[in-house]
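This report describes how two chains meet in a model. Please view the sequence and structure below before reading on.

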Number of protein chains: 2
Amino acid sequence: MSAPVRKRTRQGEAVLRAVQASDGFRSAQEIHAQMRAAGEAVGLTTVYRHLQLLADDHVIDALHLDDGQIAYRFCTTDHHHHHVVCRQCGTSVEIDCPDIGDWAQRAARRVGFAAPTHRVEVFGTCPECQTGA
Amino acid sequence: MSAPVRKRTRQGEAVLRAVQASDGFRSAQEIHAQMRAAGEAVGLTTVYRHLQLLADDHVIDALHLDDGQIAYRFCTTDHHHHHVVCRQCGTSVEIDCPDIGDWAQRAARRVGFAAPTHRVEVFGTCPECQTGA
DNA sequence: GTTAGTGCAAATGATTTGCAAACAG
DNA sequence: CTGTTTGCAAATCATTTGCACTAAC
């Protein structure tokens, strides 16, 4: 086995750039479409592969949508945090709250559960979408 | 159109009973398999349809798993609450925490998002699974 | 030259839907 | 009877994988 050496490729960088360019959660399909629209020649498969790779490296965040799709987002902060996601446009804002982590840990322990992890997702309508359509 | 009259059927009740009998989140497929194993003659399609129906009526809770499946759980309490779900066996315990709701509302409003809703999922290993295998 | 990355086409797997037969009211 | 519900098979659809090929190092 050994550490798989990662090569620097045009497509790989393009995918990362595309996610960073988005201001909210975007599905793999959307990111691919956006790249094609921007003139990038990339296969859908490759986009999926890089997205998973980046998520594994914790460079981006993965979020499972209600309709079964997976949405990704580039995160600037590397400490634990959550997001408020706009139901309409997908724009997201990072929010910070140390209390939640503590609460989750305590709540889980209280009922005898070990190694608790948590996932918090807050959805709402962003300022943009409230005004416009 | 008009309100579609809901008829009482053997299958419909069997599905509800099956979900109530489970002590944790179970996927539609698992519930179907369990019913078949119990001798119930029910089609997979029908199980899916009733599960959706029950979720729409808020009789049961729907949870999107990381692997893409949808898990359902029967909830006894009707006020706002969350669950701690066991990673191994799926058993879940209801936990209560009014603070989370407040926090989510405030956090969302603070960044200008309207009509916030939230979803909190805490995962851990239950006492059973810590001891046993 | 080796090894990792690419991308098309085909496979997967959970969920949905079309539709004719079975059933509740 | 009349409108629902059922359930099989076929359709969807996002995501994954097989594999021959190209690009990195």
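A salt bridge is a side-chain nitrogen of Lys or Arg within 4 Å of a carboxyl oxygen of Asp or Glu. Between chain A and chain B the count is one salt bridge. This is a predicted model, in which local features need pLDDT of at least 70 and side-chain atom pairs count only at pLDDT 80 or more, while totals for chains, interfaces and linings use all residues. Residues are numbered from 1 along each chain as its sequence is written, chains are lettered from A in the order in which they are written, and side-chain values use heavy atoms, without hydrogens and water.

The salt bridge joins the side chains of A:Glu121 and B:Arg119 at 3.1 Å, N to O. The two residues are also bridge partners, B:Arg119 lying in S6(B). Strand S6 of chain A and strand S6 (residues 114-125) of chain B pair in the antiparallel sense over nine bridges; strands are DSSP runs (E, at least two residues) numbered from the N terminus, and two of them pair if DSSP finds at least two bridges between them.

Contact means heavy atoms within 4.5 Å, and buried area is the accessible area (1.4 Å probe) that two parts lose on being put together, summed over both.

| Quantity between chains A and B | Value |
|---|---|
| Residues in contact | 34 of chain A, 34 of chain B |
| Buried area | about 3,000 Å², 62% of it on carbon and sulfur atoms |

In chain A, the residues that lose the most area to chain B are A:Trp103, A:Phe113 and A:Arg119, together 26% of what that side buries.

Definitions and conventions
Helices (H or I, at least four residues) and strands (E, at least two) are DSSP runs, numbered from the N terminus.
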